[in-house]
Amino acid sequence: MTVSSTSHQQEHGRFITVMKDILARPSGRIGLTLVLFHILLALLSPLIAPYDFKLQNSSLMLSPPSSEHWLGADHLGRDILSRTLMGGREALLVTGIATPLAVIWGGFIGILFGLVGGRVDEVLMRIVDAFLSLPWILKMLVLIVTFGTGIGVLIPTLTFFYGIPVIRVARAATHDIIARDFVWAAKARGHSRISIIWRELLPNVLDTLMVEGAMRWSWMLLAFSSLSFLGFGVSPPTPDWGLMISDARGFMSFAPWGVIAPVIGLSSLIIGINLSADALAKALGIDRAQKAPM
Amino acid sequence: MLFMLIRRVLLGGVTVCIVSLIIFAGVEMLPGDACTQFLGEYQADEELLAQCRKDLDLNRPPIDRFAEWTQGAITGDLGLAADGTTKISTIVGDRLKNSLLLAFLAMAVGIPLALFLGVVSGLWRDRLPDIIASTLAIFAMTIPEFVSATLLILVLSVWLGWLPGIVLTSAAAPASEFFPEILLPMIVLSFVMCAHIMRMVRSSVIDVMASDYVQMATLKGVPYWQMVFRHALPNALLPAINVVALTIAWLLGGVVVIEVVFNYPGLGRLMIDSISDRNLPVVQSIALIVASVYVCVNLAADLLTMIANPKLRTMYMRK
C-alpha cells in the first residue's frame with residue numbers, strides 16, 4: 001500500500017476519535033465489553049472450564065445445579081457450565097472468519113459495478129435481487145445438506161451468501177458518493193481516476209462497509225446458531241449454544257437450567273455485537289434503523 | 001406513472017425468471033439426481049438406474065426440462081415429488097395455506113402495534129415509554145427466533161400453562177382447528193416483526209419532527225396534536241411501507257425456524273423435511289413460491305409508496 005505518512009496519521013487520529021465516540025455512548029461501552037468478554041472467553045474457556053465438555057456421567061443425568069456442577073448436567077450427564085463456557089467458540093471462529101471475507105468480496109464487487117455502471121451493472125443487480133429473494137435458510141441448507149456440515153463448508157457458504165447483500169450496499173454507497181461535490185472538485189482539480197477512487201471514494205465507502213460488517217456479523221451469528229439448532233451446524237459432541245438449546249428443549253419442563261444457560265450465553269453475545277454495531281453506526285453518522293435484515 | 005408501473009412489474013418478472021433459473025441450475029449441479037435418490041442403495045444397478053431415468057424423462061437436455069418445468073409452474077402444476085407418485089401441488093397447497101394463516105395473523109397484530117409503539121416512542125424520545133419499547137425492540141431483533149420461542153414456551157406454556165406450547169393439528173385441518181395452538185407461534189412472529197418496523201417508524205418520526213416544516217407549523221401556532229396528525233405522521237409513516245415489505249420478506253426465512261420449534265405444519269417445516277430427505281423437486285417448488293411471494297411483496301410496497309407520495313411519483317417521471 002502506498003499510504004503517505006500524513007494520511008496514515010490522519011487515519012490513526014480518526015480511529016481514536018471514532019473509538020472515543022463509541023465509548024462515550026452507554027450502548028458502545030456495554031456492547032464492546034460484552035464482545036471482548038466473549039472473545040476472551042472463547043480463547044480461555046478450555047483452561048477455565050471445570051470439567052471435560054464431553055465427559056458423560058450417567059448418574060448425573062439432568063441433575064439440578066449443585067455445588068460441584070454449578071449449572072447442573074444435561075441429558076447425557078455432561079457438565080452444563082463447562083459446555084456453556086465453551087459453547088461460543090465454534091460460532092465465533094466461523095463467523096469471525098466469514099464476516100470480513102463476506103464484506104471484502106461483496107464490497108469489492110459492489111464498488112466495481114457501482115463504478116462501471118451501465119448494462120453490466122443492471123444485469124448484476126437482477127441476479128443479486130434474485131438471490132436475495134430466496135430465504136437464507138433455504139440457500140444455506142441446500143448447500144450444507146449436499147456438501148456436509150463442518151467448518152470447511154459453513155465458512156465458504158456463509159461468506160458467499162452474506163456477501164451478496166453487501167454488493168447492494170457497497171454499490172449504493174458508491175453511487176451516492178460519486179455524485180458528491182468533493183468528487184467533482186477532485187475531478188476538476190485534475191486528479192486521476194485511481195487517485196479519486198483511492199483517496200475520495202474508498203474512505204467514504206469504507207465507513208458504510210464497516211457498519212455493514214458489524215451488522216452482518218450479528219446476522220451471521222444468528223444464522224449459524226439457527227443452523228446448529230436445526231441440527232445442520234456443528235456436530236456433536238462439540239459444545240454449541242444452538243445445539244445445546246435444541247437438545248435441552250425436550251426436558252425443559254423439569255430441567256429448565258439446561259436451556260437457560262446457553263440462552264444467556266448466546267443472547268449476551270448477539271446483543272453485545274448489536275449494541276457495538278449501533279454505537280459504531282452512530283459514531284460514523286450512518287442511520288442504522290433504516291435498514292432491515294436481508 | 002404508467003410507464004413506471006409497467007417497468008416495475010416487468011423487473012419483478014425478470015427477477016422471478018432469474019430465480020427459477022438459479023434454482024433449476026443449482027439443483028442440476030448438485031451431485032446425484034432424482035433417480036439416485038429414489039433408488040438409494042439400488043443405484044449401483046445400471047439397468048434400474050437407466051430405466052428410472054427413462055421413466056422420469058431425465059435423459060432429455062436440461063433446457064428442455066427447464067422449459068417444461070416453468071411451463072407447468074405457471075399453470076400451477078409443479079410436477080411430481082421425488083417418490084414419483086405424489087403431486088407436489090397437493091403437498092404444498094395445505095402447507096402454504098397454513099403458513100399464510102400464521103403470517104396474516106402475525107401481521108394483523110404486529111403491524112398496528114409496531115406503528116403505535118413507533119409513533120409513541122418517536123414523540124416521547126428518550127423518555128420512559130421510548131426506553132422500554134426500544135430496549136424490548138433490541139431484544140426482539142437480536143435474539144434468535146428459536147431462543148425467544150423457547151423462552152416463551154417455557155414461561156407461558158410450561159410454567160404458567162396458559163397456552164399450548166406445541167402444534168399437534170395435522171396439515172390438512174381447517175384454519176379454525178389451529179386455535180389456540182397457533183397463538184404462541186403468532187406471538188413470537190409478531191414480536192420479531194414488530195421490533196423492526198417500530199424502530200424504523202421511531203427514527204422516521206424523530207426526523208420529521210425535527211424538520212423545518214414541522215417547526216414552521218409550530219411557530220405558526222398549529223396545535224400540537226393537529227400538527228402531529230396532519231403534518232408529521234403522513235410523512236413519517238411513508239417509509240414504513242418499504243420496511244414492512246422487507247420485514248415480511250425476511251420473515252419468510254425466520255418463519256422456518258419458528259415452524260420447526262412449534263411443530264407447525266407450514267411451508268417452512270416442509271422445506272426442512274424435504275431438504276433433509278433430498279426431495280429436490282419439492283425444494284425447487286417451495287423456493288419458487290417463496291421467491292415469487294418476496295418479489296410480489298416488494299413490488300406492492302414500491303407501488304404503494306409511489307401512489308402515496310406525489311414527490312416520488314414526479315421524481316421517477318423525470319428520470
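The contact between the two chains takes 42 residues from chain B and 39 residues from chain A. Two residues are in contact here if their C-beta atoms, placed from the backbone, lie within 7 Å. On the side of chain B that touches chain A, the elements giving two or more residues are helices H1 (2-29), H6 (128-142), H7 (145-159), H8 (183-209), H11 (240-262), H12 (267-277) and H13 (280-308) of chain B. H11(B) gives the most, with nine residues. By type, this side of chain B divides into 31 nonpolar, nine polar and two charged residues. Ala, Val, Leu, Ile, Met, Phe, Trp, Tyr, Cys and Pro count as nonpolar, Asp, Glu, Lys and Arg as charged, and the others, Gly among them, as polar.

A word on provenance. This is a predicted model, in which local features need pLDDT of at least 70, side-chain atom pairs count only at pLDDT 80 or more, and totals for chains, interfaces and linings use all residues. Residues are numbered from 1 along each chain as its sequence is written, with chains lettered from A and ligands numbered from 1 in the order in which they are written.

Now chain A. It has eleven helices and zero strands; helices (H or I, at least four residues) and strands (E, at least two) are DSSP runs, numbered from the N terminus. The C-alpha atoms of chain A fill a box of roughly 80 × 45 × 30 Å along the principal axes. Of the 294 residues in chain A, 46% are buried. Buried means 20 or more other C-beta atoms within 10 Å of the residue's own, exposed means 12 or fewer, and partly exposed is in between, with C-beta atoms placed from the backbone.

Take helix H5 (residues 118-132) of chain A. Its 15 residues should span 21 Å at 1.5 Å a residue, and the end C-alpha atoms are 21 Å apart, which agrees. The expected span is 1.5 Å times one less than the number of residues. Val128(A), Asp129(A), Ala130(A), Phe131(A) and Leu132(A) are the buried residues of H5(A). They pack against helix H7 (151-178) of chain A together with H1 of chain B.

Next, helix H6 (residues 136-147) of chain A. Its buried residues include Trp136(A) and Lys139(A). Just after H6(A), Gly148(A) takes a positive phi of about 95°.

Last, Leu44(A), in helix H2 (residues 26-48) of chain A. Why does Leu44(A) count as exposed? Because it has 11 C-beta neighbours inside 10 Å.
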